[in-house]
Amino acid sequence: NGPSAIFRATAPAPGGPWTVGEEPVLLPGAEGEWDSGAVFGAYVIRSGDGYVMYYDGKPGVQMPGAIGMATSEDGIVWTKRGEPVLSVESGEAWDSSGMSMPVVQRVGQRWVMLYTSLQPSGERALGLAWSEDGMRWSRYAGNPIFTPSDIPQALFLHAAHVFCEDRCWLILEIVDQ
């Protein structure tokens, strides 16, 4: 519920030891910007020019979130795109409460994004979007692709990841209520 920032941590190997940088690599935007209230939930992938970060941003604590994008040549200095790449379209859409937790993969020549949104019931559901350039995204017409009713034993959906090779796999983190 307070200020947030995205930091970078490095390690000589995946097992660590990990060292968190002293300075954040991404801060909330200035007053009045779409991400002025918070930035969090970063997901970074390699691109032909360096790195692309997709992240959650909000103008305020109780405001709907959107998904932003920043780019970096070195993974240290990041440049935000001025507007979100995916945001709420209307109060009637299944994801009108906002979106968060982007996970992005390259699949052939397309970029595929999995994202989370709260349902009117307060439960999370997963949406799918795709892009030709990583900046302009189209939502899948069949969204949401995964809802709490798809989970056995009424477990709570917490987070999800997708990876694609010859087929796509959805890995879910679910929590017993």
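**Basis of the model**

Strands are DSSP runs (E, at least two residues) numbered from the N terminus, and two strands pair if DSSP finds at least two bridges between them. The structure is a predicted model, in which local features need pLDDT of at least 70 and side-chain atom pairs count only at pLDDT 80 or more, while totals for chains, interfaces and linings use all residues. Residues are numbered from 1 along each chain as its sequence is written, and side-chain values use heavy atoms, with hydrogens and water left out.

Strand 7 (100-107) and strand 8 (110-118) pair in the antiparallel sense over 6 bridges. Within this pairing, Arg106 has Trp111 of strand 8 as its bridge partner. The hairpin of the two strands has 2 residues between them, and Gly108 there takes a positive phi near 65 degrees.

Strand 8 also pairs with strand 9 in the antiparallel sense, over 8 bridges. The bridge partner of Leu118 in strand 9 is Arg124. Strand 8 is mostly covered, with 7 of its 9 residues buried; buried means under 20% relative accessible area, with a 1.4 Å probe and protein chains only.

An open sheet is formed by 4 strands in the order 3-4-5-6, with antiparallel pairing. Strand 3 and strand 6 (79-80) are at the edges and have a single partner strand each, so one side of each is left without a neighbour in the sheet. Strand 3 and strand 4 are joined over 8 bridges, and the bridge partner of Phe40 in strand 4 is Asp56.

**Nonpolar cores**

A nonpolar core is a set of buried Ala, Val, Leu, Ile, Met, Phe, Trp, Tyr and Cys residues joined through side-chain atoms within 4.5 Å. The largest one has 26 residues, and Tyr54, Ile67, Leu86, Val104, Met113, Tyr115 and Trp137 have the most contacts inside it. Elements giving two or more residues to this core include strand 3 (38-47), strand 4 (50-58) and strand 8. Apart from it lies another core of 10 residues, among them Trp34, Val39, Met53 and Tyr55.

**The largest pocket**

A pocket is an open set of points on a 1 Å grid over the protein atoms alone, where a 1.4 Å probe fits, with protein on both sides within 12 Å along at least five of seven lines; lining residues have an atom within 4 Å of a point. The largest pocket is lined by 14 residues, and Lys58, Ser97, Met99, Ser100 and Leu118 lie nearest its centre. Strand 8 gives the most to this lining, with 3 residues.

Definitions and conventions. Buried means under 20% relative accessible area, exposed over 50%, partly exposed in between (1.4 Å probe, protein chains only).
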